[in-house]
Amino acid sequence: MKHSIKKAAVIGSGVMGSGIAAHLANVGIPTILLDIVPNKLTSDEEQKGLTLSDKAVRNKYTSTALQKLLKQKPAPLTTKSNLQLIEAGNLEDDIAKIAECDWVIEVIVENLEIKKQLFEKVDAHRKQGSIISSNTSGISIEAMAEGRSDDFRKNFLGTHFFNPPRYLKLLEVIPTKDTDSEVVSFIKTFGEDVLGKGIVLAKDTPNFIANRIGTYGLLVTVKQMLEGGYSVGEVDSVTGPAIGRPKSATFRTLDVVGLDTFIHVANNVFDKVEGAEKEVFQVPDFMRRMQANGWLGSKSGQGFYLKQ
Ligand code: NAD
């Protein structure tokens, strides 16, 4: 087999990207973790006259990204020393480093246009023959590859990890009509044998398989709750531990996923369906208000629950 993964790059160091980088480090793969720099200075930095392009500000961001990995719950790293296998950096300063990587995984915000802009940069800097994948929850893989080089398209596919990536076994693999079959079989074998995942091959349809079903179920549950006048706690008690499903309580799950991400994912299907199904994928107003207030879930400190 012509592929092997000696080094990887993960672009996007949020909820999923940091967990995926940690999972790669846990199996011994050196990984570069890139993100954009924050768009605001602290008041302390402002007083010192620093700007967002100052090295001090950018380096602080890098070490914060790594420290976040150690603090995350459930802990994504098996040992603290695995952190040394992860090199964090800024997309702007460090993108050329992806040329050292055999696999580049995109894990940024769920937005087709922003992902396409990133893939244009990735196409310009990656090495020929390297595998590129997206962790999108349900945006068309084919659409993301539009305009990219032949070598990019041949080596591009969806690899959809589930949250938290260290613990959830499912990995959906989504090829396009252009993905080389050797790349698909390599990722399947690598996913199973090295990453310890259970692979499901999915078609490139909105939200693939698990999220198409999961988002539907979740939104129907929320709408039933509103109609029946039930509380968040009541719904969680009948969809979670009390019925033997310790990790699946509806609103606890939403807090782990992140409300902004969930809304993007529901919109992926809403935009593509008609009639009664469209109604189901319409996100209720109260969720949009929560998003506008910044109550996104664990990552912002408050969602349906306050972060413990
Ligand atoms: P997140 O909001 O936690 O993190 C997104 C990260 O992307 C942030 O750190 C942000 O700074 C960065 N980013 C935004 N624009 C960027 C750009 N132009 N270049 C580089 N970085 C950029 O989101 P997340 O929950 O980690 O989701 C990331 C991807 O994974 C999305 O496509 C999402 O649909 C998918 N996903 C999420 C979950 C989940 O449960 N949260 C599960 C599976 C898949």
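Apart from residues within four places of it in sequence, F251 is in contact with V232, V235, D236 and F304. The model is predicted. F251 sits in helix α11, which covers residues 250–257. Is F251 buried or exposed? F251 has 22 C-beta neighbours inside 10 Å, and a residue with 20 or more is counted as buried, so F251 is buried. T239 is 12 residues away from F251 in sequence, and the C-alpha atoms of the two are 9.3 Å apart.

**Helices α10 and α11**

The contacts of F251 belong to a meeting of two helices. The axes of α10 (residues 232–239) and α11 come within 6 Å and cross at roughly 100°. Angles of 65 to 115 degrees count as roughly perpendicular, so α10 is roughly perpendicular to α11. On the α10 side the contact is made by V232, V235, D236 and T239, and on the α11 side by T250, F251 and R252. Sorted by class, these are three nonpolar, two polar and two charged residues.

**Helices α9 and α12**

A second pair of helices can be described in the same terms. The axes of α9 and α12 (residues 259–270) come within 10 Å, with a crossing angle of roughly 105°. These two helices are therefore roughly perpendicular to each other. N211, R212, T215 and L219 of α9 meet V265, A266 and V269 of α12. By class, the contact of α9 with α12 has four nonpolar, two polar and one charged residues.

**The chain as a whole**

How many helices and strands are there in the protein chain? The chain has 14 helices and eight strands. Its radius of gyration is 20 Å, close to the 19 Å that the globule rule gives for 308 residues, so the chain is as compact as a globular protein of that length. A box of roughly 55 × 55 × 35 Å along the principal axes holds the C-alpha atoms of the chain. Of the 308 residues, 37% are buried. Among contacts with a separation of 6 or more, 66% join residues 24 or more positions apart.

**The sheet**

The eight strands form an open sheet with mixed pairing, in the order β3-β2-β1-β4-β5-β6-β7-β8. At the edges are β3 (86–90) and β8 (198–201), each of which pairs on one side only. From one strand to the next the twist averages 25°. Strands of a sheet pair through backbone hydrogen bonds, either parallel or antiparallel. Strands β6 (residues 156–161) and β7 (residues 170–175) pair in the antiparallel sense, over five bridges. In this part of the sheet, F161 stands opposite L171 in β7.

Two helices lie across strands of the sheet. Helix α5 (residues 112–125) lies across β1 (8–11), β4 (103–106) and β5 (131–134), and runs at about 165° to β4. Helix α8 (residues 181–193) lies across β5, β6, β7 and β8, and runs at about 175° to β7.

**Backbone features in the loops**

Which loop holds P164? P164 lies in the loop between β6 and β7, and the peptide bond that joins N163 to P164 is cis. The bond from K73 to P74 is also a cis peptide bond, and P74 is in the loop between α3 (55–71) and β3.

In the loop between β8 and α9 (210–228) is N207, which has a positive phi although it is not a glycine. F208 is found in the loop between β8 and α9, and F208 too has a positive phi without being a glycine. N207 is buried, with 24 other C-beta atoms within 10 Å. F208 is buried as well, with 24 other C-beta atoms within 10 Å.

| Site | Angle |
|---|---|
| K73 to P74 | omega near -5° |
| N163 to P164 | omega about 0° |
| N207 | phi about 65° |
| F208 | phi about 55° |

Note on methods: Residues numbered from 1 in each chain as written. Predicted model: local features only at pLDDT ≥ 70, side-chain atom pairs only at ≥ 80, totals over all residues. Helix = DSSP H or I, 4+ residues; strand = E, 2+ residues; numbered from the N terminus. Buried ≥ 20, exposed ≤ 12 C-beta atoms within 10 Å, placed from the backbone. Contact = placed C-beta atoms within 7 Å. Rg over C-alpha atoms; globule rule 2.2 N^0.38 Å. Pairing = 2+ DSSP bridges. Axes fitted to C-alpha atoms, helices over the stretch in contact; angles between N-to-C directions. Parallel < 35°, antiparallel > 145°, perpendicular 65-115°, else oblique. Nonpolar A, V, L, I, M, F, W, Y, C, P; charged D, E, K, R; others polar.
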